[in-house]
Amino acid sequence: MKEALSKTKSFLQSDSFKKYAKRFGYFILGLIAVLLLAYGGLSIYFNRNKAEIIAKVNTKINENINGKFHIRDFHYKFLTGFPNFTLALNDVEIKDNQWQSHKHTLLRAKEIEARLNILSLLQHEINIHKILINDADIYIYKAENGYSNVNIFKPKKKKTQTGKEKPETTIDEVNLNDVHVIIDNHLGHKLFDFDVASLESKVNYGDDNWQTNLYLKTKINSLAFNTVHGSFAKEKVLEGNFDISYAEANQKIDIKTKGLKIGSDVFDIIAYFNIGKNNSLFGINIGTDILWRNASNLLSANISSKLNQFDIKKPIKVNCDIKGDLNVEGDPKIVVQAVIRDNEVSIPDGLFTNCSFKGIFTNTFKPEKESSDPNSAIILTNFKAEYESIPLKIAQAVINNLEKPIATGVVNSDFDISKLNGMMNEKMLHFESGHAKANLKFQFDIVDLYINKPKFTGDVDITDATFDYIPKKIHAEKTAVQLSFTQEALYIKKIAYKHKKNIIRIDGKIDNFLNLYYDAPEKMVVNWNIYCPNIDVKQFIGVLENSPKQKVAEKKPVKKNVNFTNQLRSVIEKCAAVINLKADKITYGSLTATNTLATIQMLDSKILLKNGTLQTSGGSITFSGSVQPSGNQYVFTSNAQVNRVDIASFLRSFNNFGIKSFSPKNIRGRLSSNANVAGLMSSKGDLIVNSMKGKLDFNVNQGALLNFEPIMKVGKFAFPFRDVENITFSDLSGSLNLRGEQVDVNKLTISSSVLNFDVVGIYSFGRGTNLALTIPLRNSKNDAKLATKEERKAVRERGIVLHLIAYDNEGKMKVKWGKKDKG
């Protein structure tokens, strides 16, 4: 290596090398001198022939335009563009003949460089090799009537070419720097506006065709295919290389670019533009991997304003196809296809995770209609995702008409219902366990991009659900539900429900469910058929309790996607329910009833009972009535007919109605009665006896009064030798008015084995009892043997008759002589 360097150094220092280097230097200096002389000669030639050259340039340009071409000044640029002759034109303007009417100058440039072929120039011909336009404005205008200022260019006359002759006046290269380009198409309502920082193009010609590889860097001020809706890629910088070709035969420009940068994203684009008089169709196909928001912000405002309400976390593969007519008013046809895999999709109503699907946007959903927002649609296929942890599958969904969007599709889901807790109002429902399957066809409006009033048809199956309905403090276990949604009704095929020791099986339907659910829940009627093998009424009293009212909080901005459970709660509270009840066994405190049938209507926390029948205490009861919350208590009304129930058992069931003067053990017999009463029950479902008001008529057959203290006291006082501890009755009947704590005894007739007596007056559950007793002293022991009621009545008051008053004396029952109203 050192030896080679040494030899090289010796050679460079040798006399022979210095000799040749000196000769080469002279050659270079000579060549420069020749060039200087040549360009000097060209300069002299230009100055001497300036008028002729400019005249030829003007002639050449004016031969090809219908308008005015104006140059303020021009000069020759020494050595620029060698070996071509460079002519610089300053303050250039080109106007068409109709400029006065539209005021749009086709070209206004500070400087245009035209590089002319020297050999052609020496032969007195103008052959422009390259055009450089610097600091210029280009405004291409098309009026509503189809006229364009580019009509300034005359059509080229066809010439028969011989041999390999090159077409006349070809421009091989075009460069633009700092050029503002506007294409303003009033006929098609299109506006393209670009700030071109740099454009470099070398053109290759073949017959009437040409092709070029073009480099472009420009800012997009407007790429509006419909000025009403705004621009695509607004304020974005575009930079890249384009392969462009033009075919004269069909007057079509084809464009291809790979790796084109628009903003921070890279695109592959294939496009064509027909520029013939009768054919102005165009097509643009764009492919990229891009973030959702970046893609949305490249679209026109009418589309991006909607799409920006959504977001997709990771980049997606997108292909956009745009087709239209540059001379036709309205939007071009746009089809955007995207593939999403394992992504997160945000919508105004929530977040989809683990999301995969293919999406298509088109603004020509129905081909026979024009491209527009009303004819736009978003189509989703093979959609799989989790929404609030709930898995969803949608084979196909369509969001149609982006002016008034309507979404339709079929959704399938299979999940543990505890996952619903994330969607539920925490003060309404809480699920502990269970499983759900759903297959539902859905339709809903989209208002301001939020889901509004979704409607479903299809089936929902829920098994082994354990949950709490918090407003009513209901805890349900092992609940099964089968629902079928149709256009006509919601069919409740099966609800198997367990609450504490109660088991309930339900089926039914809700007519016109889809229409009433959102718009008129107060008109909704739920028709239930309920079968209960065993039910405890007191455990369900809490269902009627009014839900606590929400405190009025300071107004805050309302979130548009209101939790759907608020609507569900409103429907539950407002709708009416008609229940056909059948129960094998019902318990109410100590009362046990069997074979119960009733029609129950539930409306706004009120229960109405109709056509009720049950068997209890060895007899039967028919009844109707109502129960409604009132504060911490319940108001009830009852119209009941009791038929031959065991009176002792019946009284025990109702806690003896609060009567303390005797107990069920003091009486026996079969009770029949008609009662029309109203009163109050406690929050636990117990009767508040002193609250009852109404009328009660009764009679007891085969009755007996055992060890009843008030009668025993009267008997010992009046009939010391009769058996007043065991009294049997041939007649025990009465008519009472209940008015709270006191009872008006309008009639109480007792025909017994000891004596007969009648009672009228006031009986009090507290203080104030005042009863008048009419007691014939004759022994009535044998009256029961008389054949007819008339015979018994005829002998009833024979002999001595006592008149006594049973009254309250400081809480103790006292008896004295007297008649009613005479004290």
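Which residues have the most contacts inside the largest nonpolar core? The points below take this up along with other features of the model.

1. The structure is a predicted model. For the protein chain, the mean pLDDT is 79, and 79% of the residues reach 70 or more.

2. Among the elements of the protein chain, strand β10 (residues 265–274) has the highest mean pLDDT, at 93. The lowest value, 57, belongs to helix α4 (residues 118–122).

3. Stretches below 50. Residues 161–167 stay under 50 in pLDDT, and the model gives this stretch four contacts beyond four places in sequence. The pLDDT is also below 50 over residues 550–563, a stretch with nine contacts beyond near neighbours in sequence. Where pLDDT is low, the predicted coordinates should not be read in detail.

4. Overall make-up. The protein chain has 823 residues, of which 43% count as buried. Its secondary structure consists of twelve helices and 37 strands. Taking contacts between residues at least 6 apart in sequence, 52% join residues at least 24 apart.

5. Surface. The protein chain has an accessible surface of about 45400 Å². Carbon and sulfur atoms account for 54% of that area.

6. Nonpolar core. On the opening question, Phe352 and Trp528 have the most contacts inside the largest nonpolar core, which has 177 residues. Strand β19 (residues 429–447) supplies the largest share of this core, with eight residues.

7. Surroundings of Phe352. With neighbours within four places in sequence left aside, the contacts of Phe352 include Val345, Ile347, Phe383, Ala385, Tyr387 and Leu392. Asn343, Glu344 and Glu386 are also in contact with Phe352.

8. Asp91. This residue lies in strand β2 (residues 85–96). Asp91 is not a glycine, yet its phi is positive, at about 50°.

9. Asp135. Asp135 is placed in strand β4 (residues 128–142). At 45% relative accessibility, Asp135 is classed as partly exposed, since exposed applies over 50%.

Definitions and conventions:
Residues numbered from 1 in each chain as written. Predicted model: local features only at pLDDT ≥ 70, side-chain atom pairs only at ≥ 80, totals over all residues. Heavy atoms only, no water. Core = buried A, V, L, I, M, F, W, Y, C linked by side-chain atoms within 4.5 Å. Buried < 20%, exposed > 50% of the residue type's maximum accessible area, 1.4 Å probe, protein only. Helix = DSSP H or I, 4+ residues; strand = E, 2+ residues; numbered from the N terminus. Contact = heavy atoms within 4.5 Å. Areas by Shrake-Rupley, 256 points an atom, 1.4 Å probe, with all protein chains shown as cover. pLDDT = per-residue confidence, 0-100.
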